[in-house]
Amino acid sequence: MRNMLELLERVREQKPLVHNITNVVVTNFTANGLLSLGASPVMAYDKEEVADMASIAGALVLNIGTLTTEEIEAMIIAGKAANENGVPVILDPVGAGATPFRTKMAQKVLEEIDVTLIRGNAAEIANVTGESWIIKGVDAAEEEGDVKQLAQKASELLNCTVVITGVVDFISNQGVTNLVSNGNPLLTKVTGTGCLLSSVIGAFLAVEKDEIKAATEAVTAYGIAAEKAAKQHKTVQGPGSFQIRFIDELSHISNEDKSLAKVEKA
Amino acid sequence: MRNMLELLERVREQKPLVHNITNVVVTNFTANGLLSLGASPVMAYDKEEVADMASIAGALVLNIGTLTTEEIEAMIIAGKAANENGVPVILDPVGAGATPFRTKMAQKVLEEIDVTLIRGNAAEIANVTGESWIIKGVDAAEEEGDVKQLAQKASELLNCTVVITGVVDFISNQGVTNLVSNGNPLLTKVTGTGCLLSSVIGAFLAVEKDEIKAATEAVTAYGIAAEKAAKQHKTVQGPGSFQIRFIDELSHISNEDKSLAKVEKA
Amino acid sequence: MRNMLELLERVREQKPLVHNITNVVVTNFTANGLLSLGASPVMAYDKEEVADMASIAGALVLNIGTLTTEEIEAMIIAGKAANENGVPVILDPVGAGATPFRTKMAQKVLEEIDVTLIRGNAAEIANVTGESWIIKGVDAAEEEGDVKQLAQKASELLNCTVVITGVVDFISNQGVTNLVSNGNPLLTKVTGTGCLLSSVIGAFLAVEKDEIKAATEAVTAYGIAAEKAAKQHKTVQGPGSFQIRFIDELSHISNEDKSLAKVEKA
């Protein structure tokens with residue numbers, strides 16, 4: 001895959017506005033990650049303004065991590081405005097399967113909105129599609145089963161691009177599946193790294209219509225930033241300092257890092 | 001106290017799910033602190049899902065720091081579900097006494113839910129029990145009076161374990177009071193260190209039924225992590241970098257640090 | 001301007017309670033910044049308690065960054081209580097102009113409350129006053145036009161002190177305009193640095209009635225802290241580590257840094 005990280009430069013030039021309706025745990029981390037990468041984050045939640053904001057955005061990211069009944073209405077309004085304006089919509093079904101409410105709400109979003117891409121761990125994606133998968137809280141339990149098959153099946157069922165993240169990440173649409181092996185285990189010790197990835201994918205979708213290409217580059221660049229951060233042995237001494245260096249590295253990754261990319265066709 | 005930090009390993013093995021209904025200021029810090037320690041944090045706030053989440057959790061932490069009238073209802077629903085399922089409930093009455101609303105809401109939780117443990121500063125605990133104590137905003141003013149007596153009286157009145165934190169921390173139940181002198185003044189310069197401690201105590205209560213033992217170990221381990229972070233003179237240059245190193249140290253503390261514990265019977 | 005940073009000491013001695021009704025993205029950063037500076041932050045949002053909290057505060061900061069229809073009511077209640085008790089009110093009209101809702105809500109606050117000071121970028125201030133100015137999301141687009149003139153006109157129209165921040169910051173009231181050139185571009189790569197500045201100005205207004213003096217010192221001290229943080233080349237490697245060092249430096253700036261102040265009459 002030539003020019004693996006070429007979209008990064010496009011993100012930095014265009015600084016796409018990424019409209020996030022996300023959970024209260026990760027708002028600050030999400031905004032700082034997008035800013036560091038070079039995108040332009042905005043959070044807007046009220047029913048009165050979400051359609052206006054989503055319409056002018058480069059991407060809309062819907063994250064159900066601390067969803068309330070009031071917010072779901074705003075998400076639907078924002079999503080419909082995005083659909084009408086050709087703005088890509090990313091769904092992050094945090095904790096789907098952990099409670100019936102979350103599963104139902106994720107499915108409601110998928111029914112009422114034309115979702116461009118869904119990103120979650122294997123358990124979340126399985127639960128959204130009605131597959132049974134072990135889930136504890138918002139973290140996926142031991143992965144069992146064929147994740148590649150899950151990604152492809154979910155993509156068909158939900159009629160959108162599917163990104164399943166884990167030790168290895170799967171990006172799948174219309175029978176094509178890419179597999180990315182970049183990343184670092186410390187990502188699992190920092191809250192919201194999955195949520196931020198969903199928003200970063202949004203930034204890439206804002207500058208590239210080829211969904212598989214945009215998502216694969218986003219996931220790869222993200223994983224490389226994590227690897228580079230984890231290597232800073234002098235300053236990274238645990239999950240706290242890793243988080244900070246990771247934000248730093250999101251501003252530094254560039255096309256020069258493309259030799260670090262571990263991407264293959266699955 | 002032998003094997004002072006033995007519960008730490010149990011937390012890391014069992015990775016208890018700690019369900020937090022907490023304030024918007026500290027959600028990210030709380031999640032990252034719990035993750036670094038080895039627990040599994042989840043935030044869930046909607047009335048439609050809190051009972052489901054609390055029922056499968058190892059502990060439920062209720063924090064009134066930015067409480068709204070809508071949230072109190074969700075807290076009561078979650079608390080009752082926790083009670084029915086034998087899940088320990090921790091109350092953090094942030095700012096009780098600062099406004100009549102906070103005092104009333106903290107007391108409402110205590111009336112309607114069987115609270116396992118309450119943690120606050122001296123002013124907050126005093127105000128919840130109806131004692132007058134000087135309070136300014138959410139921080140306890142100069143401590144006066146006998147904190148040990150306050151802890152014991154509160155424990156009797158509220159019929160639960162009481163943790164009063166300050167320069168010295170008191171853990172009290174049924175006439176037994178432990179006193180922990182670990183910690184560092186920088187903890188008072190970082191927002192949410194009290195809130196995170198309440199959630200950390202939740203993680204320990206999830207793996208140990210002896211409440212005094214669980215709370216004393218949690219408070220001690222937390223204080224030791226703060227001491228170890230503050231000693232990193234090369235990288236800690238103020239409250240910002242202390243916060244990051246403190247999160248790091250929560251992942252490093254272990255039974256090997258038990259010689260640093262400063263615990264005694266009060 | 002002699003004794004440029006003398007108010008800093010007053011903030012640290014008096015530790016003013018700054019009541020923030022702010023957006024969900026920046027709450028943690030705002031609280032930690034105020035704490036590090038030496039002020040006493042509190043967040044309180046419910047209609048039932050905001051009047052009580054605002055009445056005992058040294059300053060009230062209203063920030064519409066993720067405003068909901070419910071919150072605007074609480075802001076008005078808090079603002080009126082502040083007005084009745086002589087508590088200065090700071091308005092941060094985040095993203096005014098980005099959507100009609102935000103512009104309208106900022107104007108509603110200005111109509112119903114006696115606002116002491118408004119702080120925003122040029123686009124936000126222009127939009128609040130009805131001037132057209134290019135805005136994309138919550139960030140000001142390329143600045144055009146005479147910012148000094150905008151500041152003075154806004155001050156007359158809104159009958160309050162106006163702070164417009166950018167590469168150069170303008171502080172204006174009753175025909176007097178100060179210009180501050182301190183700061184560092186990394187501030188634009190960290191979310192909420194404008195929001196935190198509004199709260200820091202609140203802390204200074206809590207200890208000094210001369211609004212121009214208080215705001216100019218706050219903006220200057222803030223910019224100097226950013227410059228000092230950015231100079232830490234060993235530890236600052238991007239927006240993440242800059243944010244942490246900046247929080248650190250807020251606790252270190254003192255009157256000894258006054259030679260770094262770049263203030264002039266505009």
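Student: Which residues does C:Leu5 touch, leaving out those up to four places away in sequence?

Tutor: C:Leu5 touches C:Glu217, C:Ala221, C:Ile224, C:Ser254, C:Asn255, C:Asp257 and C:Lys258. Do keep in mind that this is a predicted model. C:Leu5 itself sits in the segment before helix 1 of chain C.

Student: Why is C:Leu5 called buried?

Tutor: Set its value against the cut-off: buried means under 20% relative accessible area. C:Leu5 has 1%, so it counts as buried. As for distances, C:Leu5 and C:Ile21 are 16 residues apart in sequence, and their C-alpha atoms are 27 Å apart in space.

Student: And what makes C:Glu13 exposed?

Tutor: The word exposed is used over 50% relative accessible area. C:Glu13 reaches 63%, and therefore counts as exposed. This residue belongs to helix 1 of chain C, residues 6-14.

Student: Is C:Asn23 buried or exposed?

Tutor: Buried, because its relative accessibility is 3% and the cut-off for buried is under 20%. You will find C:Asn23 in the loop between strand 1 (17-21) and helix 2 of chain C. Setting aside neighbours within four places in sequence, C:Asn23 is in contact with C:Asn63, C:Gly65, C:Thr66 and C:Cys195.

Student: Which backbone nitrogens lie 2.9 Å and 3.2 Å from a polar atom of the side chain of C:Asn23?

Tutor: The backbone nitrogen of C:Val25 is the one at 2.9 Å, and the backbone nitrogen of C:Val26 is the one at 3.2 Å. For a polar contact, the N or O atoms have to be within 3.5 Å.

Student: Let us turn to chain A. Which residues does the UniProt annotation "binding site" cover?

Tutor: According to the UniProt record, an unreviewed entry, the annotation covers A:Met43 and A:Gly192. A:Met43 is placed in strand 2 of chain A, residues 40-43. A:Gly192 lies in the loop between strand 10 (176-180) and helix 8 (193-205) of chain A.

Student: How do you know that A:Met43 and A:Gly192 are buried?

Tutor: Compare each one with the cut-off of under 20%. A:Met43 has a relative accessible area of 4%, so it is buried. A:Gly192 has 10%, so it is buried too.

Student: What makes the pair A:Arg102 and B:Glu49 a salt bridge?

Tutor: The rule asks for a side-chain nitrogen of Lys or Arg within 4 Å of a carboxyl oxygen of Asp or Glu. Here the N to O distance is 2.8 Å, and the rule finds one salt bridge across the interface of chain A and chain B. That interface also has 14 residue pairs in polar contact, both residues at pLDDT 80 or more. On the chain A side, helix 5 (100-112) and helix 10 (239-252) each give two or more residues. Helix 10 gives the most, with five residues.

Student: How many residues does the contact between chain A and chain B take?

Tutor: It takes 30 residues from chain A and 29 residues from chain B. The area buried between chain A and chain B is about 2300 Å², with 54% of it from carbon and sulfur atoms.

Student: Which residues in chain C lose the most area to chain B?

Tutor: Between chain C and chain B, about 2300 Å² is buried. C:Leu35, C:Asp46 and C:Glu49 lose the most in chain C, together 21% of what that side buries.

Student: Which residue forms a salt bridge with C:Glu49?

Tutor: B:Arg102 does, with the closest N and O atoms 2.8 Å apart, and the cut-off is 4 Å. By class, the side of chain C that touches chain B has twelve nonpolar, ten polar and seven charged residues.

Key
Residues numbered from 1 in each chain as written. Chains lettered and ligands numbered in written order. Predicted model: local features only at pLDDT ≥ 70, side-chain atom pairs only at ≥ 80, totals over all residues. Heavy atoms only, no water. Contact = heavy atoms within 4.5 Å. Buried area = accessible area lost by both parts, 1.4 Å probe. Polar contact = N/O pair within 3.5 Å; in protein donor to acceptor, adjacent residues only side chain to side chain. Helix = DSSP H or I, 4+ residues; strand = E, 2+ residues; numbered from the N terminus. UniProt positions renumbered as here; feature names shortened; annotations may be inferred. Buried < 20%, exposed > 50% of the residue type's maximum accessible area, 1.4 Å probe, protein only. Nonpolar A, V, L, I, M, F, W, Y, C, P; charged D, E, K, R; others polar.
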